[in-house]
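Q: Please take a close look at one part of this model and give the cut-offs as you go.

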Amino acid sequence: MARRVLGSTVDVPALRAQLEALATAGEHAQVIATLFELLETVLRDHSDLATRYTTMLRGMYRSKSERVSSDQLALFLAQLPANETATPPDEPPPPPAPEPPPAPEPSPAPVEGDGGSPPTGPLKPAKPKRGGRKPVPPAMRREIVKVPVDPEDLRCCDTEKKVIGTHVRITIEYRPGEAYAIEERAEVRACRICESNVTSAPTTPPPIEGARPGPGMLAQIVTSKNSDAVPLERQSKILARGGARVAPSTLGDWYARAADLVEPLWRALRDDTLLRYLISVDDTGLPVRDRAHARGIKRGHVWTFLGDGGEVGFCEYTPDWKGAWPQATLADFRGQVIQSDGYAGLAPIFARPNAPRRAGCMDHCRRRFVKALEVGDARAAVVVAVLREIYAVEAQARADGVDRDELGRRRHHDSRPLIERLHRMIGDLAGRATPKSPLGKAVAYAVNQWSTLVVFLDDPRVPLSNAHVERQQRRTAIGRRNFLFAGSDDAARRFAILHTLIVNCDLVGAPPFEYLRDIFRHLANDWPAARIRELLPAAWLADQRRQQQQADRAAEAVDDLGAAVAPVDDIVAAAA
């Protein structure tokens, strides 16, 4: 009879008979060794199952944030013996921080209406004022409603009161999304005499020939699906509430044609990204319907490539996770650094002559130690604490808005000693952590990827982590939960093309709906291919800002002219 014990198959009766035979023969050492081997297997399997169980519960019920609070970190550090948290022997003690000069005691402010002596004792810091109500954005459409004074209160002293101002009250209202029809009635004329030479007024060209959606409708469909992760079936119901009944299949056809329209923009953004100095790469899964698959759905992948830390980027779909796909894409890369996690599929790129340098992602390293900490291994706390200090250097540099040279100096002066300390800690744990435990896996990843994790120290153009790429993948992750899967490989590819525009709108700060509506209008009017880069999000946003500045200057000029004419009107009125 065999019994399953925590992942190990043990024939208990046979094992018992074997141990009794060894004991009878006097092989007590062998009996003890066999029992301890079985115990180690049971404990290892138990640890693996406990880790999987904890991870599953965390994914179901807890936030996915990897932040560890200071109090929680201190609690883990307190569980370690003194020699675990102490500085390693080969590390010189850090120099003592200089004591700050004593701050002068502020003089208390006098209290109005009190003639006595001012209050003594330390003053409590003033509480920061709250931000208060934020103003209504200028871009929000406004309906101006003029409210006149009641006729009974309009007169005084036998004359009509003059207007001395207005009291403004702003209310934010909402009207459900409205789909409306534009019926263009193009005039057709013919000669009265010969009744020929017929002339017809041109109508507005549609973005999709032979279909009804206008630029705004296409922009709404793409923005809702790619930016807001709203499935087309749900969009169909939303449109029906607004009075437009459009089948989900029709919306799918419009969505596919929209992707075909903007593919030249995707190619231009792809070319721009591959010409940058640094490219950051990561992928996320996207289920795709596949009738040949055993489950009917396979796991495709959407790759995100960002250039120079997030100045420009593009997305690409691959039907599987084979390294040949990203290798083919990055074969056109002309920069110097490729940043990614430890994905082995990219390794052949760096084996070529004159290959770019590979930079790692510190987030992927930290994530594994945080996971070990969450399952209760307090030894990971010392590593997480040092990583927190390294991230603090980067956060302070961003807050100070330093340039590239200053960032390099701070990394050399502040981050390098922390990285060296982290290296010694990981080396110390490498000999004590069980290889298959969460901490052992975290240590193995850090040791294997160490040469790529420290590239940022010598190159301020390289980010500390790949977090800026992962942020752009959140929409895809939310989308696959909502619309579950893509209908085919072609549909997933079109999703990646349209998602490229949404990603670049986010990178440069352009509103996606307004941008898409505008470019669909231009593309419908046979926009020349030689000027396609004028429609990229960064160029479009710069043009919009330039137009807004011109409009503001024109409005100021009108106001100045009105102010100059006003005295003349007063003189004329007085003379009359």
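How much space lies in the largest cavity?

A: About 30 Å³, where a volume is the space filled by probe spheres set on grid points joined across faces, edges and corners. The model is predicted, so local features need pLDDT of at least 70 and side-chain atom pairs pLDDT 80 or more, while totals for chains, interfaces and linings use all residues. Residues are numbered from 1 along each chain as its sequence is written, and side-chain values use heavy atoms, without hydrogens and water.

The structure holds 1 cavity of 30 Å³ or more (points on a 1 Å grid over the protein atoms alone where a 1.4 Å probe fits but cannot get out; lining residues have an atom within 4 Å of a point). The lining consists of Val-281, Asp-282, Asp-283, Trp-303, Ser-340, Asp-341, Tyr-343 and Leu-346. Strand β7 (residues 278–289) supplies the largest share of this lining, 3 residues; a strand is a DSSP run of E, at least two residues. By class, 4 lining residues are nonpolar, 1 is polar and 3 are charged (Asp, Glu, Lys and Arg are charged; Ala, Val, Leu, Ile, Met, Phe, Trp, Tyr, Cys and Pro nonpolar; the others, Gly among them, polar).

For another part of the model, take a helix pair. Residues of α5, including Leu-218, Val-222 and Ser-227, meet residues of α18, including Phe-513, Leu-516 and Arg-521, with contact meaning heavy atoms within 4.5 Å. By class, this contact has 8 nonpolar, 4 polar and 2 charged residues.

Definitions and conventions:
Helix = DSSP H or I, 4+ residues; strand = E, 2+ residues; numbered from the N terminus. 1 Å grid on protein atoms, 1.4 Å probe; cavity = no way out; pocket = protein on both sides within 12 Å on 5 of 7 lines; lining within 4 Å.
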